[in-house]
Amino acid sequence: MARVAVLGCGVVGTEVVRSLVEHADELHSRTGTRLDLVGIGVRSTATPRDPVVPTELLTEDLPGLVRRADLVIELLGGIEPARQLILDAVGSGASVVTANKALLAAHGPQLYEAADAARADLFFEAAVAGAVPVVRGLRESLAGDRITRILGIVNGTTNYILDEMTTSGLDFETALAQAQQLGYAEADPTADVQGLDAAAKAAILASLAFHSRTALADVPVQGIREITPADIASAAQTGHVIKLLAIAEVGRHGTVPGIAVRVHPALVPIDHPLASVRGPYNAVFVEAAAAGTLMFYGAGAGGVATSSAVLGDVVAAARNFVNGGKAPAESAYAALPAMPAEAVRTRYQIRIEVADQPGVLAEVAALVARRGVSIETVRQGAHASADDVAELVIVTHEASESALAATVVDLDTLEVIKRITSILRVEGN
Ligand code: NAP
């Protein structure tokens, strides 16, 4: 018999408890051991719970509960007390399953080291993209391949908002309000719309894919609050949709190899598999040397869907408990550094408003070329704000972030340029 402690009985915890209670016999058959739920740690035992929750198992003494468990399922969220409780658990030899991306992105190495030192399991499938089995895919199935790039839609809230802006023509605030009404966005949507939730997941994905420690602090982030209906319409005119992407790829800064990780909205060609990821769904597109391209797709959040990933880890941990196996250890041997943001190379779409007069295009093109940024296409856009101005939409070839920044400073000095409306990266080619 394996003694199981569930820490947290909220959206995910309740569904995990439901599975442990309602599918106890099946889980026994699958793991070879009975999973004996010994306690459920919460902030307040007085809070009303779903009827499936055995209230006699609720406790506010989480450290005491951890001491009584062989398998600890951490579903509290946040940094403390989750970090300390996981350290206590692995320290006493218990296996840990967590869904806590914020904690792993901030303190992953400390937790992996503690688990390895104690030869305890640390599983975290639900920390990235909810029910989508991408962590196991990278950590185990692709462990013999060489991954070159990951492009992920790993935040359902922002994907829902951008999708509604694209398909229903809503502006950002209206789409956000709708997402909140439908339960796809929290009352405080900051972590989602600013890209911070996606950045934590990007750090975890990059660490797994490139066998190198990558922390949240290594991930430059830009959210979607600034995306306008005009950006969406302009993207559509060139056969693109706008998606918030978590990107991790190997690159070079001078002669030094490194990992470029970032989160930002990007133009994605309409025929790219990620463009068809609709509503609150998640997808992770992986490019690998031998496997080619793969896409992991599915529900990225929600208590029931996320509980599937948690239970998958619970079964794996329980099987190890029975057979004496061990989850894969952290693989960080490559130790590739995070590349500085300004060294990252990508294509850009720059929308500007210019004086509607002859010679302007040549003037702008010459200025852009001076900074070593080469123009792929220029076309006249449809979103000029006055009669005497025209919109130009410039798409560049690959350029470094620093070259682009210098170009933008220069563009600002040109008298014929009325305003730079937006700058968006173009990804997925
Ligand atoms: P939630 O609904 O806010 O539930 C959190 C639970 O933890 C509550 O039961 C709360 O107790 C308990 N808790 C929080 N802080 C505590 C503390 N200091 N001491 C004791 N108990 C504490 O959170 P959730 O949405 O289930 O998320 C749990 C984890 O899963 C997070 O790491 C989240 O990032 C991750 N995750 C969530 C989803 C999703 O769709 N929700 C998807 C993927 C991953 P009370 O009930 O007494 O307040």
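A: A salt bridge is a side-chain nitrogen of Lys or Arg within 4 Å of a carboxyl oxygen of Asp or Glu. That term is needed below. The model is predicted. Its protein chain is divided into domain 1 (2-133 + 304-323), domain 2 (143-299) and domain 3 (344-426). The part examined here is the contact between domain 2 and domain 3, to which domain 2 brings 17 residues and domain 3 brings 13 residues. Taken over C-alpha atoms, the centres of domain 2 and domain 3 are 25 Å apart.

The size of an interface is often given as the accessible area lost when the parts come together. For domain 2 and domain 3, the area buried between them is about 1,200 Å², with 54% of it on carbon and sulfur atoms.

Next come the polar links. Between domain 2 and domain 3 the count is 1 salt bridge. A salt bridge joins the side chains of Arg351 and Asp231, at 2.4 Å from N to O. Residue pairs in polar contact between domain 2 and domain 3 number 6, counting pairs with both residues at pLDDT 80 or more.

On the side of domain 2 that touches domain 3, at least two residues each come from α11 (229-237), β8 (240-253) and β9 (256-269). The element that gives the most to this side is β9, with 6 residues. By type, the residues on this side of domain 2 are 8 nonpolar, 6 polar and 3 charged.

Terms used:
Residues numbered from 1 in each chain as written. Predicted model: local features only at pLDDT ≥ 70, side-chain atom pairs only at ≥ 80, totals over all residues. Heavy atoms only, no water. Domains from an automatic or database assignment. Contact = heavy atoms within 4.5 Å. Buried area = accessible area lost by both parts, 1.4 Å probe. Polar contact = N/O pair within 3.5 Å; in protein donor to acceptor, adjacent residues only side chain to side chain. Helix = DSSP H or I, 4+ residues; strand = E, 2+ residues; numbered from the N terminus. Nonpolar A, V, L, I, M, F, W, Y, C, P; charged D, E, K, R; others polar.
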